[in-house]
Amino acid sequence: MSQPIDLETMRRVAGLAGFEWSDAELEAIRPLVDASLRMLAGLETLPLDEVEPTTQYRIL
Amino acid sequence: MADLTFASATELARMIAAREVSPVEVVRAHLERITALDGSLRTFITLTADAALAAAAAAEAAVVAGRPLGPLHGVPLGLKDLYDTAGVRTTGGSRILADRVPAADATVVRRLREAGMIVLGKLNMVEFAYGPEGLNPHYGHPRNPWDATTHRMAGGSSSGSGAAVAAGLAPVALGSDTGGSIRIPCSLCGLTGIKPTYGRVSRAGVLPLSWSMDHVGPMTRSAADCALVLGAMAGYDPADPSTSVLPVPDYTVALTGDVRGLRVGLLRGFFLESATAEVRAAVEGAATTLEKAGAVVDEVALPGVRHAGAGSLAVVATEALAYHAAWLRTRAADYDPDVRTRLMLGAFVTGVHYVRAQQARALLRREVDEALARRDVLLAPATPITAPAIEARQATLGDGPADIRSALIRLTRPFNFSGHPACSLPCGVTAGGLPIGMQVVGRPFDEATVLRAADAYQRLTDWHARRPVLA
C-alpha cells in the first residue's frame, strides 16, 4: 500500500478484527501504521515467486 | 574467600562440589547483594529468598551426604518473569498477570533445578517482552549498572536479567529473545548470552510473544558459563512441538580455546555500516584478535537482511496480537501504553503481509546458510550503539539517525527471523566506559562452534571480566 491509510479504513480494519478503538486512539497510531505499511510494502519487491513460505521448522 | 557474587557459575559449581563453599553461603551472599543494591537497580519483580535459602540448605545436605550432584549444584539462578514457576507468580512484567501463579515449572526451569540450580526470584522485563529498551512502568525501569550517574537502559526485553547478572546479583539468568532480547541486554550490560537455534531449547511454560520468533537461553558473564547452562537446558521436549530430537552435545567439551583454521565471516554492509565508529572499531578489532590466533577471517554481506525488519514486523505484530487479542479488548487500559500501541499495530498487518514475511524468512535463511556453507561462524556487532539514557528517543548510527527502538533490534532480529544460533559477548568499552557487544552467529544446531569461538576470544581478552563500579 503506497497511499497513507485514512481513519475510515483504520476503523473498518480494526472493526473487522473485533476491536472498537476510538478515533482518537486510531489517530494516535496512524503515523506508526503508515510507516509500518510502507515498510511492509518493501516485501513485495523481493524475488519471492519461487519461494515457498516457511511454515515448518527444522524439526530434526 | 573470593567475592562469591562475581564468581562464575562454573567456578561456583566446582567450589560447591569440592566443599570449598556451601550453597547456603553462596545463596546468602547473593541475597545480601540484592538487598543492598536492588532498590536502585530494580531488577527483581519477585524475590523468593526463603525458598532459595531452603533449597540451598537441601543442596548443602546433599553435598554433606555425598549424594550425586548435578552439574550446576547450588548455583543461583534468576528467571525473567515470563518463565512459569510452580507456586510463584509469573507476571510477564504486566499488571494483567500480576497475580497469576502457575501450577508447574516451565520445562527449562525444571531441568535447571534438576541440574542443581537454585532460583533466587523472578526478574524484571519489558511488559510481555514486547520492546528492546528494557523499560517497565509497572515495576520500575531497571537500571544499567555500568553508569552510576545517568540512568541508562539495560536493554530488553530481558532487562532485569541483564542488569542483575552484570551487577553480581545472580551469576546466571534466563532471558528470552524474539528480536534480540537476550543479546541486546548482554550487549548493553557487558554480558555473554546465547540465543540458541530455534528448536534447540523448549519454550514450554514460557509466556509467548511470537511463537515462531521466540527463543529462550542463558545470560551469563562468560561463554564457558553459557555452555554449561545451555547444556542443562537444551533438548527435545514433548511439551514443545518445535523442539528438535537431535542429541545435545556437551558444549563444555567444545571449549578448546583453539580457533586455528576456524573460518570467520565478518559481516560488512548493513551490520558494520549501522554501527557507531566505536562499535565498528571494536568488532573489527575482535576479528583481528581471532585472526592473530589462527582463525581465517574474510568479509561477507547478507543483502537480504535489509528486509528482515519488515518481515519480523509482520510476523511478530500478527502473532503477538493473536495472543493478546482478548485482553486488548477487555483490559486495554492495563497495558503499558507503548506496548498497547505495538499490539494495536498488528491489526493492520494483512494475511498477505504475513505470508510474504514467511517467504522472505525462507529467503534470508537460505542466504545465511549459504554464507555459513563456506564459514564456521559469522561475526557482527550485537547492537549498533551502546546503552542509551532511558529518556533517549533517537540515536545517530553509522548510516544515519534512527529511533532507539529500531536501532537496538536491527542487528539481532535477522537471526530470530532466520533461526540461526547467535551468542552476544563483550568486545570493548567506549571512551565513556560503556560495554560494546558483538555477536557470533553459527549454523543451525551448531551452538558448540559458536561457543568455542566466543570462549576462545574470551581467553584472549578480558572485556568479559570487567565489572561495573556500583555504589
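Chain A of this predicted model contains two helices and zero strands, where helices (H or I, at least four residues) and strands (E, at least two) are DSSP runs numbered from the N terminus. Of the 60 residues in chain A, 15% are buried; a residue is buried if 20 or more other C-beta atoms, placed from the backbone, lie within 10 Å of its own, exposed if 12 or fewer, and partly exposed in between. Residues are numbered from 1 along each chain as its sequence is written, and chains are lettered from A in the order in which they are written. Local features need pLDDT of at least 70, side-chain atom pairs count only at pLDDT 80 or more, and totals for chains, interfaces and linings use all residues.

Between the chains, 27 residues of chain A are in contact with 32 residues of chain B, contact being defined by C-beta atoms, placed from the backbone, that lie within 7 Å. On the side of chain A that touches chain B, the elements giving two or more residues are α1 (7-16) and α2 (23-41) of chain A. The most is given by α2(A), with seven residues.

In chain B, helix α12 (residues 351-373) has 23 residues and reaches 33 Å from its first C-alpha to its last, close to the 33 Å expected at 1.5 Å a residue, the expected span being 1.5 Å times one less than the number of residues. Among the buried residues of α12(B) are His353(B), Arg356(B), Leu363(B) and Leu372(B). The buried residues of α12(B) pack against α2 of chain A and against α10 (308-330), β9 (377-381) and α14 (413-418) of chain B.

The loop between β9 and β10 (394-397) of chain B holds Thr383(B). Thr383(B) counts as buried because it has 32 C-beta neighbours inside 10 Å. Not counting residues up to four places away in sequence, Thr383(B) touches Ile184(B), Ser187(B), Leu188(B), Leu408(B), Leu411(B) and Gly437(B).

An open sheet of 11 strands in chain B has the order β1-β3-β2-β4-β6-β5-β12-β13-β9-β7-β8, with mixed pairing; two strands pair if DSSP finds at least two bridges between them. At the edges stand β1 (44-47) and β8 (296-300) of chain B, each with a single partner strand, so one side of each is left without a neighbour in the sheet. Strand β3 (residues 118-123) of chain B pairs with β1(B) in the antiparallel sense over three bridges. Thr46(B) stands opposite Lys122(B) in β3(B).

Conventions
Contact = placed C-beta atoms within 7 Å.
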